[in-house]
Amino acid sequence: MSDATDLSKDPAPDPAEDNAFFPSPYSLSKYTAPKTDFDGLKHKGACTGGRWKVLMIGTDERYLLTGNGTFFSTGNHPVEMLLPLHHMMEAGFDVDVATLSGNPVKLELWALPEEDKAVMATYEAVKPQLKEPLKLSEVVADRLGPESDYLAVFIPGGHGAVIGLAESEDVTETLDWALANDKYVITLCHGPAALLAAARGKDKSPFAGYSLCVFPDALDTGPNLEMGYLPGPLRWLVADLLEKQGVQVLNSGITGQVHQDRGLLTGDSPLASNALGLLSADVLVEAAKE
């Protein structure tokens, strides 16, 4: 068996697109594992048969253009998506999946923990919706409002979350609705990029003064380039722009930290996926009872 130090730090070419790359073998040896830290449910079946659902906004974009002209072949991180969903779905909350275009959700399948039964079971359960999601503009038009059945909006991470969500009017309207109707917003890692959309058309972000956890910019500008996880520098940095909008970033590293500030639930990285799922289930089960 090869030692990790023998693995290449060169980003791996993606033959499906010109000048596109997957993470290097070395970086994947550091960032991925066949199992997660999932160790059980806390609220299994607590809300079965109830009206409340979760709206998940996934990314429909695969290729992230970087500062040197290369594409990063990305999407939503499967652990960041599927492990929080596992806790929420097993608690009894149905999930609707939407993307900006209505095209399929893109996943970083190179990070799928195929030996993790909880993650893989949830993947199979939501796969039909990932392939044929709702179009977010139609959700905004038809399914939001004071009497909506959505109790929360969930925005998973992965670098794909920085493509389009921050500039989307539909994301703006979804976040406006969540804040106006005391709904929860759940997001982690690069998913908080979507929160930038809340400031569109306003003098300041409605999330100004909130605190959160997010993937640290220092990793994207340092180790992620050095180990070949990214093929080039990002053209903008999530934490930097959030802080410029008046949001307080709590973490400087990735330790699995999660945080709740009012109705905003966040986590710092894939390492926070299980803890964020537990926190989300705690909060949503209590909210459903009320």
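User: What is a salt bridge, and how many does this structure have?

Analyst: A salt bridge is a side-chain nitrogen of Lys or Arg within 4 Å of a carboxyl oxygen of Asp or Glu. Keep in mind that this is a predicted model. By that rule, the count here comes to nine salt bridges.

User: Okay, which residue meets Asp-96 in a salt bridge?

Analyst: That's Arg-143: the two side chains meet with N to O at 3.3 Å. The pair links distant parts of the chain, 47 residues apart. Asp-96 sits in strand β6, while Arg-143 is in the loop between α4 and β8.

User: Is Asp-96 buried or exposed?

Analyst: Buried means under 20% relative accessible area, so Asp-96 counts as buried at 11%. Arg-143, with 37%, is partly exposed.

User: Where do Lys-244 and Asp-240 lie?

Analyst: Both are in helix α8, four residues apart, which is about one turn of the helix. Lys-244 is exposed, at 64% relative accessible area, whereas Asp-240 is partly exposed at 27%.

User: And what does Asp-176 form with Lys-202?

Analyst: Another salt bridge, with the closest N and O atoms 3.0 Å apart. This pair links distant parts of the chain: Asp-176 is in helix α5, and Lys-202 is in the loop between β9 and β10, 26 residues apart. Asp-176 is partly exposed at 28%, and Lys-202 also counts as partly exposed, at 31%.

Note on methods
Residues are numbered from 1 along each chain as its sequence is written. This is a predicted model: local features need pLDDT of at least 70, side-chain atom pairs count only at pLDDT 80 or more; totals for chains, interfaces and linings use all residues. Side-chain values use heavy atoms; hydrogens and water are left out. Helices (H or I, at least four residues) and strands (E, at least two) are DSSP runs, numbered from the N terminus. Buried means under 20% relative accessible area, exposed over 50%, partly exposed in between (1.4 Å probe, protein chains only).
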